[in-house]
Amino acid sequence: MIVLRWRFEDPSGTVPEYTFPRNPRSMSTPFPARQVQAVSTTAPGGQILLWEGGVQPPDWTFGGTIVNAAHYAAMLQWAYDVPGRIFVWDHFGRRITCVPKGLDVPKEAPERVGHYWRHEYTFRALVVAVSSPTVGDDGPQEGS
Amino acid sequence: MRGDLPEGMEEIWRSGNYVGTDRRPFARVTVHRPTMQLYTYGMTTTFRRVAPSLDGVAVFNPFPQGIDPTRGDPVTNTYADFLFGALHPPKELPNVAEVSWTRTMDADAAQCTVRCWNTSPLPLGEKPRGRELDRPGWFTAKRGTWQFSGRWRHEPNEWVDMLMPDNVLRVYEGYGYDPESTPEQDPHLTLTGVWLIDDVRLSALGQLVIVCRDAARLLLDHQNFPPVVPEDFYPTSFRAWDEKVTVQSQRQVVRTTTATERLKVTPLGSGNDRWPESAYVGARVYGHSHLHAFDGNPATYWLSVGNATPAYRSSYEYVDFNVHGATFSEIRFTTVGGGYTAYVSMADAQGNWRPGPIMGYHRDGRGRYDEGVPYVARKALGGSEGEHVIRFTTAVKGVHRVRLWLNGLRNFGLPGAKYRAGIREISVRGPVTRTVTETVVDQRQVDLTPGPAGSNPGYVQDFTDIIRLFLAWAGLFWPQGGRWLETDGSELLLSPAVADVEHLGAEVNGRVWGDLMETGTAPLAEISVSAFDKKSLREGIRYLEETIGFAFWVDETGAAQWRLPNIWQRGNWIGGLAELPGRTSAVIELDENQVLMGLDATITSRNVREGIFVGNIPGNFAALVGGYNPNVTGLRRVGGVTDKHFASAEEARVMADLVAVRQMLRYRTDQLRIPAFPGIQIDDQVRIFERVTSEGFYHYVKGISSTNNLATGEWTYDLQTHWLGDDPEGAWIVDRTSLSEVTRAYVDALVERRPEWRVEQ
């Protein structure tokens, strides 16, 4: 099966595009939660008043496994050194416009020969916009 | 009560469902740079102010027949427009986080606070500067214009001159929004305020807080002083037209006068002319000519030929002159020496002597003069040399030649015949009639002809005229052709249908931006300069509010509202820019089951008086009425007022009743919170239902505080109210039976009034 690789893109073109060597294993929703509050009127059984506020940019995370030192360096660079907004293209072909907030790479397992840089990571960002997916039910097509 | 709300807004408000793009609370804010436009009019008063009379009392010359544009004093008035003269379209302010405002009867101006974020997204594709995220400080005034702006590579942007004090915000709020529409055209929103920026507070962390007040700020910032007050109107004092004034008027009087004056005569000659050897016509005797008797110089004189003795019958000498037929009444002459006897003979144009006794002259072989000449007057002159007068009791008419004889000649001591006559001056006087035109100044007390307050400094026909002038001077003049620019560059035409020439002046092409009600009365006594001078125009209006009992505020459209508080009759005014302004009996209900989020009621006896008296200062009369108190405990609190202007017991009773009503209104007050609804305005009546506080009364809305938090979506109104009495089912809003008949008639007359709306029906 063809898998669409995740990649980072700098809208300003300052930093060259980076394609993930391995896609993240998990991600939180990039969509904002609706700001809805409920208040009741003073009467017992009175009408419930529902308010909806403006959409707040959601905190977004995705994570997976860093496979080598180059992968680690790239994730670190995109988390901290690329100013402004970046595009994250995911496996659905969605362009997720976000502002990186940080990268967590905790040490949780002993080093293994040949996989010295293998660590789990979590990338944190604030999502500004999400475009529509480009991948259909049959998955990505050749050349996509 | 607003009559121009977006369709469906009340339904959404009552539903309690404020979720979704079409229903969630929203606020959009525009900002623009206003430009004050001044309109100067040269007009004419309906009276003429003339110089003070010598006793220092100013007098006026009115035109009782009405305004005569060709007469009266020229007067210049300048009105100011701050709201319709913007040169550039507004811009919509993004990033708004919260809009809150408070509009209350107790404050001189409403206040608004807008919180927003002072940053702008960096357009995708542009390179960030350093580690800067987006464009912080993007809305800071003058950003990029300072000498040091290059330090951050800041350059001027389209917001350079926008978020600055004195610029104008317009706030549009409602339920739901249309991102494709401009704020002005957004079908979900309505204008909830026009605000003048007072403060712009910027924080390094990117918060931007804009504090504003409504257009009443124009009245607070502008003092009652030139140039806001035109010179012809400064210092400002106001009086009614119904007083009597001292008037001067001029008229021309033609008078005929008759006086005795010197007449023109022409010398003809003398008896000397008959003696050519010693004299000839005009010739001189010892250097003396008959002309010397007419030259006006008493030092020269006519001298006759000589006679050997004065006793001869031929010893008469004479001078002839022509009076040209003039009517005369006397002949005056002075002689050289005295002792003569004078005779006067007169002849008509044909030389016929006027009848009378015959002169005693005879030639007797020695004389050469005419014998038999009659004379009409004779007078012995005595010994002195002074002036002699021969008067005719009846004025002489139709005479041409006059002969003045002298007899009784005197010795002049000259060689040859010594006895001669001498005359220094002769004049003829008679009645002269002359026609004289004189200017007579009359003074009288008359009524002035009322004219527009805008062209008659110091005179008003109604207290509301003062309000109009203050508003038009401050910046709330509304010119014909007025328009608001919108954010897309289009124009919203807001032009008065009719110019207010009746109040602002005959030449004016506009009116005041507002809905003003006539008070039906004018100052009983002059409101002197001290009430207004060098105070803010708002302070002057406050003075009138307290005097008249009217209320003033600025509404959501930035327009002035001046009217009787809406406490006398059930219902509400539908005003503003509603298509059909007017009165409605509808009152919005605030029900605990539907929209009431909280309520605090206060009942208080702090204002209760068991008795209220009103009288005049000398104590000739007074009225005492009972105050409202549902809890009779025997307390005996009495309050009252005396004033010299009360003219009758009936007037005092009206005042006492009105005080009692006001006191009753303060007995119960509420503070309540509801979801915001722009349909409710201050000066509205609402009816509230809440079980715990036993609230079911009609209330008067005297204050509204709105908080629209766009982050949480919560948009609420906090209302300050007082009740309108304890009989919500009664026909009247107050207990009519507690008022005197005179007071009921007074109030009935008041509630019949209606504001002069901006929108013509």
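Asp500(B) counts as buried, at 7% relative accessibility, where buried means under 20% relative accessible area, exposed over 50% and partly exposed in between, with a 1.4 Å probe and protein chains only. The model is predicted, and local features need pLDDT of at least 70, side-chain atom pairs count only at pLDDT 80 or more, and totals for chains, interfaces and linings use all residues. Residues are numbered from 1 along each chain as its sequence is written, chains are lettered from A and ligands numbered from 1 in the order in which they are written, and side-chain values use heavy atoms, with hydrogens and water left out.

Asp500(B) belongs to the loop that connects strand 31 (491–493) with helix 4 (501–504) of chain B; helices (H or I, at least four residues) and strands (E, at least two) are DSSP runs, numbered from the N terminus. Its side chain forms a polar contact of 3.4 Å with that of Arg468(B). Such a contact is a pair of N or O atoms within 3.5 Å; within protein, one must be able to donate a hydrogen and the other to accept it, and residues adjacent in sequence count only if both atoms are side-chain atoms. Beyond residues up to four places away in sequence, Asp500(B) touches Arg468(B), Gly505(B), Gly510(B), Arg511(B) and Glu756(B), contact meaning heavy atoms within 4.5 Å.

Elsewhere in chain B, an open sheet of 3 strands shows the order 41-40-42 with mixed pairing; two strands pair if DSSP finds at least two bridges between them. Strand 41 (622–626) and strand 42 (638–642) of chain B are the edge strands, each pairing on one side only. Strand 40 (residues 611–615) of chain B runs parallel to strand 42 of chain B and is joined to it by 5 bridges. Within these strands, Val614(B) stands opposite Val641(B).

Helix 6 (residues 649–665) of chain B lies across strand 40 and strand 41 of chain B, at about 30 degrees to strand 41. Axes are lines fitted to C-alpha atoms, for helices over the stretch in contact, and angles run from 0 to 180 degrees between N-to-C directions. The axes of helix 6 and helix 7 (residues 741–751) of chain B come within 8 Å and cross at roughly 70 degrees. Glu650(B), Arg653(B), Val654(B), Asp657(B) and Leu658(B) of helix 6 meet Val742(B), Thr743(B), Tyr746(B) and Val747(B) of helix 7.

In chain A, Thr97(A) lies in strand 8 (residues 95–104) and is buried, with a relative accessible area of 4%.
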